[in-house]
Amino acid sequence: MIYTVTFNPALDYVVRLDQLDLGGVNRASSEDVQLGGKGINVSWVLRELGHDNVALGFVAGFTGRAIEEGLARKGVKTDFIHLPAGLTRINVKLKAGQETEINGKGPDISAQALDQLYQKLDALTEGDVLVLAGSIPASLPSDVYQSILARLAGRGVLCVVDATKDLLVNVLQYRPFLIKPNDHELGEIFGRTLCGDEEIRECAEKLQQMGARNVLVSMAGDGALLLDEQGGCHRLAAHTGQVKNSVGAGDSMVAGFVAGYLETGDYQYALRLGSAAGSATAFSDVLATRPEILALLNKA
């Protein structure tokens, strides 16, 4: 089974305006409420691609119930921990030429609640896949990703980590199956601005040497690069299309890669499906559908 963890999920309130007048009254031209959180995005696209999975994490209040109900309608199984106080956050996404985001804080997560998550993860067995994606709330210990991978070490669970800086670097000693920084995040890890494939590959190789089995680097309009654990280097150019939405594209890439690998065991195909999923979401107002993803896959 595939499991995703979202520590701080959200309802994304997406508002589109012709222009934004700060200090004035603004009227939306359209609005939408979407489920948010990187792990939840991965779960959504995995289900769209036909892969059952379980979304784990923490929810609270009526907004948390809305996330559970929305995922249930999609056919995504959930096993969230319900926090006794607070509200799952609401993020406001203002689209008026440029994108402006106001992200909520979210509820505090106690040590007892975190221990409940650990107990759920302790049930994972060989062949299961665990996706850890995104930042963590301030109420959690900074080494929570590291603690999870340490608990799962040696049990044959395929761990996928999509995070930044120390959250990512500190898990490498546990040999995660896949990590997915983008090129800017990769440069931040090494205190550099990366220019061109050679420098990106050099830094990706360093992360492999530090323990990552497979390193997938997303590069927005420049495509993607994958270093696989068999010594292969795969490079794909970006798909062509009109970018409408940057939210969830990286998560869609992770979902597509995991789906492609589980279906075939082939890293090149996994990269192709991941790239198609990421681009299809970028070309859509919301997370991509299966037909949109397969249309791009078949063009490659």
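Which residue of β3 is the bridge partner of A10? In this predicted model, A10 has G36 as its bridge partner in β3.

Strand β2, residues 10–16, pairs with β3 in the antiparallel sense, over seven bridges. As background, strands of a sheet pair through backbone hydrogen bonds, and the pairing can be parallel or antiparallel.

Now step back to the whole sheet. Four strands form an open sheet in the order β3-β2-β7-β8, and the pairing is mixed. Strands β3 (30–36) and β8 (98–102) stand at the edges with a single partner strand each, so one side of each has no neighbour in the sheet. From one strand to the next, the twist averages 20 degrees.

Next, turn to a pair of helices, α3 and α4. Their axes come within 10 Å and cross at roughly 30 degrees. Because angles under 35 degrees count as roughly parallel, α3 is roughly parallel to α4. The crossing of these two helices is right-handed.

Which residues make the contact between them? The table lists them by helix.

| Helix | Residue range | Residues in the contact |
|---|---|---|
| α3 | residues 111–121 | L114, Y118 and L121 |
| α4 | residues 144–152 | V144, S147, I148, R151 and L152 |

Definitions and conventions
Residues numbered from 1 in each chain as written. Predicted model: local features only at pLDDT ≥ 70, side-chain atom pairs only at ≥ 80, totals over all residues. Heavy atoms only, no water. Pairing = 2+ DSSP bridges. Axes fitted to C-alpha atoms, helices over the stretch in contact; angles between N-to-C directions. Parallel < 35°, antiparallel > 145°, perpendicular 65-115°, else oblique. Left-handed = near helix turned anticlockwise from the far one by under 90°. Contact = heavy atoms within 4.5 Å.
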